[in-house]
Amino acid sequence: MDKRVRRFYLIVVVVVMIWSLEEFNRVAEGLEGYAEPYNCGILECPSYEVIHSQEEFEIRRYRGAVWMSTHPISSSSYKEASDAGFNELFAYIGGDNQQGTIIPMTAPVLVHIVPSTGPSRKSFYTVQFYMPETYQKYSPPLSSQVHPERWPKNERYVAVRRFEGFMDDSNIAPQAAKLAADLKGTEWEGGAAAAATSGYVVAGYSSPFEFLGRTNEVMFMFN
């Protein structure tokens, strides 16, 4: 066999061995993480680093990024509030902005939830779309209905629990409670305390027309 060919195959073997060792270390250290949502292979999604992963949850670190956001919506219904916010943002990326610019859809759709603490039983919901990489470098088109925000703001970590199905008032709070319970007694239990005082986020990666294999996440932000 030609020396150059042997040298090439030797380099390939070394690279594969190094990659395999790194993957082994990631699994051993609990860094394997959830599989990438299907729609992130089609739509642009924000990047993150997995700090810790186990069966019940994972801990991520996101870089601060620009998201287009609604104003807080007061409602007793998650579906009512999230639908209203989604429609505002979908109109925005569809060209209902001051420049008339059409912006590609991204994933996930975030809904920040501050649960009700009063007799009205109305929570506050803020819906956000991730802005494509172009608008991470340059200001997105302006709008009188929605506005840009950075997320995460100051938090270093995000605790995440993944679940399936259509999100609604019947499953979001129980999933958040499960995440809080799973974090108790771990080095990440500060996430549960932060969520109890400032609320939490749910992320939906699937379109309204996907009925099977839907990917949702509940998130606690903390330092």
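Contact is taken here to mean heavy atoms within 4.5 Å. The model under discussion is a predicted one. With that cut-off, and leaving aside residues up to four places away in sequence, Ser123 touches Ile73, Ser74, Ser75, Val114, Pro115 and Ser116. Ser123 itself belongs to strand β6, which covers residues 123-130. Its relative accessibility is 10%, and because buried means under 20% relative accessible area, Ser123 counts as buried. One of the residues it touches, Ser116, also takes part in a polar approach: a polar atom of the Ser123 side chain lies 2.9 Å from the backbone nitrogen of Ser116.

The covalent link comes next. A disulfide is a covalent bond between the sulfur atoms of two cysteines. In this model the count comes to one disulfide, and the residues it joins are Cys40 and Cys45, with an S to S distance of 2.1 Å. The link of Cys40 and Cys45 is left-handed, with -95 degrees about the S-S bond. Both cysteines, Cys40 and Cys45, are buried.

Charged side chains provide a further set of links, for the structure holds seven salt bridges. One of them pairs Arg60 with Glu217, whose closest N and O atoms are 2.7 Å apart. This pair links distant parts of the chain: Arg60 lies in strand β2 (residues 58-62) and Glu217 in strand β10, 157 residues apart. Arg60 and Glu217 are both buried. The two residues also belong to a network of salt bridges that links Glu58, Arg60, Arg162 and Glu217.

Which residue forms a salt bridge with Glu133? The partner is Arg63, and the closest N and O atoms of the two are 3.2 Å apart. Here, too, distant parts of the chain are linked, since Glu133 is in the loop between β6 and α3 (134-137) and Arg63 is in the loop between β2 and β3 (65-69), 70 residues apart. Glu133 counts as partly exposed because its relative accessibility is 32%. Arg63 has a relative accessible area of 37% and is therefore partly exposed.

A further salt bridge lies within a helix. The side chains of Asp83 and Lys79 meet at 2.8 Å, N to O. Because Asp83 and Lys79 are four residues apart in helix α2 (residues 78-93), about one helical turn separates them. Asp83, with a relative accessible area of 34%, is therefore partly exposed. Lys79 has a relative accessible area of 51%, so Lys79 is exposed.

The surface, finally, carries a nonpolar feature. Phe166, Phe211 and Leu212 make a nonpolar surface patch of about 390 Å². Leu212 is found in the loop between β9 (200-204) and β10 (216-222). Why does Leu212 count as exposed? The reason is its relative accessibility of 76%, where exposed means over 50% relative accessible area.

Key
Residues are numbered from 1 along each chain as its sequence is written. This is a predicted model: local features need pLDDT of at least 70, side-chain atom pairs count only at pLDDT 80 or more; totals for chains, interfaces and linings use all residues. Side-chain values use heavy atoms; hydrogens and water are left out. Patches are made of residues with over 30% relative accessible area and no salt bridge: like charges are joined within 9 Å, nonpolar side chains (Val, Leu, Ile, Met, Phe, Trp, Tyr) within 5 Å. Accessible areas come from the Shrake-Rupley method with a 1.4 Å probe; for residues, only the protein chains shown count as cover. A salt bridge is a side-chain nitrogen of Lys or Arg within 4 Å of a carboxyl oxygen of Asp or Glu. Helices (H or I, at least four residues) and strands (E, at least two) are DSSP runs, numbered from the N terminus. Buried means under 20% relative accessible area, exposed over 50%, partly exposed in between (1.4 Å probe, protein chains only). A polar contact is a pair of N or O atoms within 3.5 Å; within protein, one must be able to donate a hydrogen and the other to accept it, and residues adjacent in sequence count only if both atoms are side-chain atoms. A disulfide is a pair of cysteine sulfur atoms within 2.5 Å.
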